[in-house]
Amino acid sequence: MTEKKIRVLIAKPGLDGHDRGAKVVARAMRDDGMEVIYTGLRQTPEMIAEAALQEDVDVVGLSILSGAHNALVPQVIADLRANGQTDVVLFLGGIIPEDDIQTLLDQGVYKIYGPGTDTREVCKDIREAVKSKA
Amino acid sequence: MTSASLDALRKGNRLALSRILSQVENRTDAGQAALEELFLETGSAHKIGITGPPGSGKSTLVNALARELRRREPEQKVAIIAVDPSSPFTGGALLGDRVRMLDLQDDKQIFIRSMASRGALGGLAEQTEALSQVFDAAGYGFILIETVGAGQSEVDVVNLAHTTIVVDTPGTGDDIQSIKAGILEIADILVVNKADRPGADQSVTYLRNMVEMGYARSINNGKHHLEDFRENSEHETASAHWVPPILKTVACEFKGIQELTEVILNHAAYLRESGQWHAKDQASIRANIRRQLIASLLKDFNQNVPADLVNSLVEEVQKRGISPNEAVRVLLTYNRNNSLESSE
Ligand code: B12
Ligand SMILES: Nc1nc2c(ncn2[C@@H]2O[C@H](COP(=O)(O)OP(=O)(O)OP(=O)(O)O)[C@@H](O)[C@H]2O)c(=O)[nH]1
Ligand SMILES: [Mg+2]
């Protein structure tokens with residue numbers, strides 16, 4: 001049997017129209033052999049949790065450049081948990097000020113990435129996170 | 001897979017359903033066991049295939065159809081399986097069909113599942129049929145299956161769907177349709193989407209000519225293409241033939257969707273009345289059993305017959321010492337003797 005495919009949902013919550021980073025990261029993950037579901041712009045946390053449920057993903061990756069991360073991220077986490085998806089690993093990227101990082105990590109984000117991130121590193125981190133979860 | 005999670009699926013628990021879909025897709029032992037049990041509860045869903053060239057608007061059309069089906073038949077749940085290609089180089093995939101289906105997110109009676117083709121070439125993934133069976137058992141009355149963007153030879157969907165919809169778009173200028181005759185022949189319904197663009201009526205005319213040509217041919221052969229499904233059917237001479245209707249839609253504006261839905265439901269009624277529903281079901285079961293039989297026969301063979309024997313026979317054949325047929329006879333004899341021994 002072949003190795004189990006890692007499934008990732010890449011989502012952009014809120015009204016943020018910056019989608020380059022999300023697309024770059026999604027493509028890098030595909031090129032790393034993952035199955036990446038992209039849901040497009042302007043998703044509510046509830047829509048994101050719903051898509052994660054239907055697609056049974058291992059990882060949810062949020063891309064936020066709007067500054068609304070402190071409101072959106074906890075809501076996504078709450079909605080995922082409410083659906084019973086407690087084992088999904090949450091990744092976050094975009095413009096996240098230094099001061100907010102620790103709080104978000106404490107709330108359950110696995111790792112946070114800013115501008116200039118090497119996507120190979122992201123893929124490596126995802127593989128590690130999924131492996132240690134199994 | 002515990003029986004608790006199967007019960008949860010039967011009760012409509014969507015997380016349980018989603019997890020079982022993954023197990024089945026990944027062909028784990030638990031997934032296979034679940035599928036064996038759930039298969040006995042299948043047989044009521046109407047499976048609708050949507051195929052056509054890349055970018056013709058399949059996902060947008062599925063979005064509109066799912067909404068219209070839910071409006072017309074509110075007591076039925078709708079499942080969507082959207083297949084996109086895996087990269088042959090990395091095995092990864094970008095599954096983007098959901099982007100066009102955002103209208104459906106707030107309806108909990110609709111369940112969308114994206115699937116990577118994982119190397120299969122016929123426009124579906126190996127396990128697409130299996131996933132459709134899980135949805136069927138979970139009580140989804142309509143199952144919409146979007147294939148990989150197909151041009152010509154990706155026609156596997158026809159073996160799975162009761163109703164196959166082929167989507168095309170208006171041709172540009174004087175070039176003919178992007179669509180190939182081979183894929184037209186699998187259509188139960190033809191759709192010219194993006195009918196807001198110039199040339200839609202010409203496309204309809206073109207397709208009608210193509211269909212009538214193919215239809216005349218199949219009548220002359222005393223055979224409609226649907227009969228390919230029926231190796232052993234009693235319904236050989238279904239009296240009323242289905243001539244594929246051709247409809248115009250503007251999927252992104254929900255235009256033509258009510259008419260299309262009407263035709264889809266009519267097709268289901270036609271299949272049931274003509275006995276072809278039953279025949280299609282039987283053909284797909286036959287194909288399924290055949291596939292599994294071949295796989296397990298091969299597995300048995302590989303267990304019984306040492307690779308060394310196969311290799312030495314290959315060499316013998318390559319030296320032109322014996323024919324390939326002779327080699328096969330030797331292998332089959334060996335296999336037979338060996339499996340007899342082991343079963344004693
Ligand atoms: C290009 C750009 C735009 C383009 C966007 C085009 C598009 N379709 O994406 C346009 C011109 C449209 C635009 C508009 C605006 N922008 Co602008 N924009 C930028 C800019 C210059 C670059 C962003 C970018 O594309 N980077 C390239 C990508 C590849 O990098 P990235 O997104 O950071 O992604 C990387 C990492 O962050 C990480 N990553 C990102 N997401 C994810 C997700 C996961 C799961 C993981 C693991 C990693 C990860 O990996 C990626 C690869 O390294 C930034 C400044 C900057 N230097 O970041 C401002 C910036 C983001 N914009 C900003 C603003 C304010 C706006 C506007 C509000 C301006 C205005 N007043 O109109 C509008 C809002 C538009 C909207 N609807 O949301 C601010 C945001 C400030 C804030 N958050 O506090 C910034 C930071 C500029 C600034 N310094 O003020 N913008
Ligand atoms: N003008 C016009 N555009 C449409 C129509 N239907 C869909 N589109 C647009 O066509 C593009 C492709 O639509 P999709 O639904 O993604 O097409 P698809 O066939 O699913 O594409 P693949 O899955 O990539 O093969 C999108 O930008 C749609 O908005 C239509 O009726 N008219
Ligand atoms: Mg599509």
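I began with the crossing: H2(A) passes H3(A) in a right-handed crossing, meaning that the near helix is turned clockwise from the far one by less than a right angle. This is a predicted model, in which local features need pLDDT of at least 70 and side-chain atom pairs count only at pLDDT 80 or more. Residues are numbered from 1 along each chain as its sequence is written.

I looked up the geometry next. Helix H2 (residues 45-55) and helix H3 (residues 69-82) of chain A pack at about 40 degrees, with axes 8 Å apart; helices are DSSP runs (H or I) of at least four residues and strands (E) of at least two, and axes are lines fitted to C-alpha atoms, with angles from 0 to 180 degrees between N-to-C directions.

I listed the contact (heavy atoms within 4.5 Å): residues including Ile48(A) and Ala52(A) in H2(A) meet residues including Leu72(A) and Val76(A) in H3(A).

I checked burial (under 20% relative accessible area, 1.4 Å probe, protein chains only). In H2(A), 10 of its 11 residues are buried. Just after H2(A), Asp56(A) takes a positive phi of about 45 degrees.

I then turned to the metal. Ser59(B), Asp97(B) and Glu146(B) coordinate the magnesium ion (ligand 3) at 2.1 to 2.2 Å; donors are N, O and S atoms within 2.8 Å of the metal (3.2 Å for Na, K and Ca), and water is not among the atoms, so sites may look incomplete. Both Ser59(B) and Asp97(B) are buried.

Notes
Chains lettered and ligands numbered in written order. Heavy atoms only, no water. Buried < 20%, exposed > 50% of the residue type's maximum accessible area, 1.4 Å probe, protein only.
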